[in-house]
Amino acid sequence: MTTDSGSTSGEVLLEVDGAVAMVTLNAPERRNALTPEMARELIAVFDEVDARPSIGALVVRAVGKSFCAGGDIATLTAAGRDPAEPSAYEGMSAIYDSFYRLGQVRVPTVAAVRGSAVGAGMNMLLATDLRIVASDARLLCGFLKRGMHPGGGHFVILSRLIGREAAAAMALFGEEVSGARAAELGLAWEAVDSDAVEPRALELAARVAADPELARVAVGNFRREVAGGAVSWEVATQFERSAQMWSMRRSAG
């Protein structure tokens, strides 16, 4: 196994074991909530994975009790004062870009989810090709609860997996689901005991990564062939942006 720091802050770690890359969210003191800096570090790590043809799969995991608590509260609060201010706009864009970039990684991706995933954390796991979750994981869209319109193409990537009714229940009506329920809904492939999440994700990743070149070609075609939705994810991200900026300014007022 080779280990790269992955980031100057140490909040994003990259390890490579054979043909499997493991990216770890390592900011447990704030439940791995995404800051613009952390998001940019994630993007750099995903670029590194793409640049190494010997890598055939990627597992995204997290340290601590939460997979990802969403966008960092301080970042959201600052952006809410003036969402169109250049630094605020760029910071929020970096967070959007991090999970959109994950969705474009050129190898099959698996999210290994323990604890809670909220808001942008949901977008992070939704961006992967497959999800293995702890049976007691807590999955919550949570945008409206924070007084924010969903962002990052959330409606599109959620409804692609679980359909209109379940997406409405979670994204509009605030329903929280357990890992076990997520597997029933098709939001995850499998729900297992917490200590089995990462081993199972790594097992699956190693299987597809056995032939990295084939894995890269296959996953590219897989995504092109199965992607659905009335609009593209990229278009949805832009479509939602003005509504989210409005909601953030309103909440900060």
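1. Glu203 and Arg207 are separated by about one helical turn, because they stand four residues apart in helix H7. In this predicted model, their side chains meet in a salt bridge, with 3.5 Å from N to O. Glu203 counts as partly exposed at 43% relative accessibility, whereas Arg207, at 55%, counts as exposed. Elsewhere, salt bridges with shared partners join Glu15, Arg61, Arg114 and Glu198 into one network.

2. Helix H7 (residues 197-208) also holds Arg200, which pairs with Glu190 of strand E11 (residues 190-192). The two form a salt bridge whose closest N and O atoms are 2.5 Å apart. This pair links distant parts of the chain, its members being 10 residues apart. Arg200 is buried, with a relative accessible area of 18%, while Glu190 is partly exposed at 25% relative accessibility.

3. How many salt bridges are there in the structure? The count comes to 14 salt bridges. Among them is the one between Asp129 and Arg223, where the closest N and O atoms are 2.8 Å apart. Asp129 counts as partly exposed, at 21% relative accessibility.

4. Arg131 is buried yet has no salt bridge. Which side chain of opposite charge is nearest to Arg131? That side chain is Asp129, 7.2 Å away; a salt bridge requires a side-chain nitrogen of Lys or Arg within 4 Å of a carboxyl oxygen of Asp or Glu. A polar atom of the Arg131 side chain does, however, lie 3.0 Å from the backbone oxygen of Leu187.

5. The structure holds one aromatic pair. Tyr96 and Phe99 form this pair in an edge-to-face arrangement, with 6.4 Å from centre to centre and 65° between the planes. The two residues are separated by about one helical turn, because they are three residues apart in helix H3 (residues 86-104).

6. On the surface, a nonpolar patch is formed by Leu144, Phe155, Leu172 and Phe173, which together have about 410 Å² of accessible area. Leu144 sits in the loop between strand E9 (138-140) and helix H5 (154-172). With a relative accessible area of 43%, Leu144 is partly exposed.

Methods:
Residues are numbered from 1 along each chain as its sequence is written. This is a predicted model: local features need pLDDT of at least 70, side-chain atom pairs count only at pLDDT 80 or more; totals for chains, interfaces and linings use all residues. Side-chain values use heavy atoms; hydrogens and water are left out. Patches are made of residues with over 30% relative accessible area and no salt bridge: like charges are joined within 9 Å, nonpolar side chains (Val, Leu, Ile, Met, Phe, Trp, Tyr) within 5 Å. Accessible areas come from the Shrake-Rupley method with a 1.4 Å probe; for residues, only the protein chains shown count as cover. Buried means under 20% relative accessible area, exposed over 50%, partly exposed in between (1.4 Å probe, protein chains only). Rings of Phe, Tyr and Trp (its six-membered ring) pair if their centres lie within 6.5 Å; planes under 30 degrees apart count as stacked, over 60 as edge-to-face and the rest as tilted. Lys and Arg count as positive and Asp and Glu as negative; His and the chain ends are not counted. A polar contact is a pair of N or O atoms within 3.5 Å; within protein, one must be able to donate a hydrogen and the other to accept it, and residues adjacent in sequence count only if both atoms are side-chain atoms.
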